[in-house]
Amino acid sequence: MDGPAIRADGITKRFGDKVALDAVDLEVHAGEIYGFLGPNGAGKSTLTRVLCTLLAPTEGRATVAGHDVDKEPTAVRLRIGVALQEAALDDKQTGVELLRLQGRFYGLTKAETDQRLSDLRRLIDIGDALDQRVATYSGGMRRRLDLAMALVHNPQVLFLDEPTTGLDPVSRVAVWEEVRRLNDELGMTVFLTTQYLEEADELADRVGIIAGGKIVAEGPPAELKRSIGSDLVVVDVEDDHVDGARRTLDAVDGAGEIQVEGTRLTVPVEDGARSLSPIAVALSEASVQVTELALRRPTLDDVFFDVTGQRIVEQEDVS
Ligand SMILES: Nc1ncnc2c1ncn2[C@@H]1O[C@H](COP(=O)(O)OP(=O)(O)OP(=O)(O)O)[C@@H](O)[C@H]1O
């Protein structure tokens, strides 16, 4: 495929007065895993639906696998695989029956579908369950079948909308491995929306962070995190010691811009191990009542906080 796998130019989507997407531009290269990260309601599903031709944008233009989502929706649909949050699978059928049906839907011959099924059994850990009725499947197994359904026609671009939301940690890691394998072995471009920072960090070559319908940061996870600083010193203090702590930390050599959330102050520093003890000494000399002092690496949540002043609130795990 020449050119980018996905390109969005000024995509805006309004629902009445509500602006769900606000002039979003993005480009996903062929063969890339692009993680689209943001809190609930940020606009992730809306952009995915626009790119999958399921929803018309109010303004802007997008191409997927080289075709315009608005003008050539059929050409786009033939080249993409889509696994959305709510998998609607017929409980009475077996996995194999559903996959064969999907193969027919895409115009594959029986021999082609059989070949795809054997490839998919290797790529996706679904094995024996394929011959069972879907009604017997666990949540993780349903996701796998849904993923397999999205892959029957060997798409160039795979859209995964929050593929691990609601899965236990073991199933989550299994899905990550499968996504990686699809990308490594088939060179498939993957557009993955997630509200799990760790998932984006783990899988994505590049991450786009969306908040309030706008992309607020974009880049490889390591680069985004490095932009915050190499280490973070986290200082928790007693209620009325925040100002004192801020003044003290401001005066520490090599300390970056201080972020304050309630009684917690977070300070980027170049060398955490070296900065920790001067910071502890300075706070003690200034009689700041510290309840906890810790060192940690920046996360994508810190990147999000840096640009929006808020945290990405992760959904409760069901595990
Ligand atoms: N059909 C609709 N009608 C009206 N408002 C909508 C509609 N679909 C989405 N929205 C609004 O658009 C905004 C973006 O929603 P979207 O579902 O894209 O967010 P999201 O980032 O995918 O969040 P989630 O993780 O909860 O799915 C939200 O404020 C949502 O309430």
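Analyst: Begin with contact: two residues are in contact if their C-beta atoms, placed from the backbone, lie within 7 Å. Next, burial: a residue is buried if 20 or more other C-beta atoms lie within 10 Å of its own, exposed if 12 or fewer, and partly exposed in between, again with C-beta atoms placed from the backbone. Helices (H or I, at least four residues) and strands (E, at least two) are DSSP runs, numbered from the N terminus. Now a case. What covers the buried residues of H11 includes strand S3 (33–37), helix H7 (197–203), S9, S10, helix H8 (221–226) and strand S11 (231–237).

User: Which residues of helix H11 are buried?

Analyst: Helix H11 spans residues 300–308, and its buried residues are Leu300, Asp302, Val303 and Phe304. Just after H11, Gly309 has a positive phi of about 75 degrees.

User: What kind of model is this, and how are residues numbered?

Analyst: The model is predicted: local features need pLDDT of at least 70, side-chain atom pairs count only at pLDDT 80 or more, and totals for chains, interfaces and linings use all residues. Residues are numbered from 1 along each chain as its sequence is written.

User: Give me the overall picture.

Analyst: The protein has 11 helices and 14 strands. Its C-alpha atoms fill a box of roughly 75 × 45 × 35 Å along the principal axes. Of its 319 residues, 39% are buried. Take the contacts between residues at least 6 apart in sequence: 69% of them join residues at least 24 apart.

User: How is the chain divided into domains?

Analyst: Domain bounds come from an automatic or database domain assignment. Here the assignment gives domain 1 (6–224) and domain 2 (229–297). The centres of the two domains, taken over C-alpha atoms, are 41 Å apart.

User: How do I read a sheet?

Analyst: Strands of a sheet pair through backbone hydrogen bonds, either parallel or antiparallel. The cut-off: two strands pair if DSSP finds at least two bridges between them. This protein has an open sheet of 6 strands with mixed pairing, in the order S6-S7-S8-S3-S9-S10. Strand S6 (80–83) and strand S10 (214–219) are at the edges, each with a single partner strand, so one side of each has no neighbour in the sheet. On average, neighbouring strands of this sheet are turned by 15 degrees against each other, direction ignored.

User: Which way do S3 and its partners run?

Analyst: S3 pairs with strand S8 (residues 189–194) in the parallel sense, over 5 bridges. There, Tyr34 has Phe191 of S8 as its bridge partner. S3 and S9 also run parallel, joined by 4 bridges. By contrast, strand S9 (residues 206–211) and S10 pair in the antiparallel sense over 5 bridges. Gly208 is opposite Glu218 in S10.

User: Which way do the side chains of a strand point?

Analyst: In a regular strand the side chains alternate between the two faces of the sheet. In S3, Ile33, Gly35 and Leu37 point one way, Tyr34 and Phe36 the other, and all are buried.

User: How many residues of strand S14 are buried?

Analyst: The count is 0 among the 7 residues of S14 (residues 290–296), so the strand is hardly covered under the burial cut-off. S14 pairs with S11 in the antiparallel sense over 6 bridges. Val235 is opposite Leu293 in S14.

User: How is a helix placed against strands?

Analyst: Axes are lines fitted to C-alpha atoms, for helices over the stretch in contact, and angles run from 0 to 180 degrees between N-to-C directions. Helix H5 (residues 139–151) lies across S6 and strand S7 (157–161), running at about 165 degrees to S6.

User: Which residues surround the ligand?

Analyst: The test is distance: a residue is near a molecule or strand if its C-beta atom, placed from the backbone, lies within 6 Å of it. Phe15, Lys18, Ala20, Gly38, Asn40, Gly41, Ala42, Gly43, Lys44, Ser45, Thr46 and Gln195 surround the ligand. Strand S2 (18–28) and helix H1 (44–51) each supply at least two residues of this shell. H1 gives the largest share, 3 residues.

User: Which non-glycine residues have a positive phi?

Analyst: Among them are Thr53, at about 70 degrees, and Ala65, at about 50 degrees. Thr53 is in the loop between H1 and strand S4 (59–64). Thr53 counts as buried because it has 21 C-beta neighbours inside 10 Å. Ala65 is in the loop between S4 and strand S5 (67–68). Ala65 is buried too, with 22 other C-beta atoms within 10 Å.
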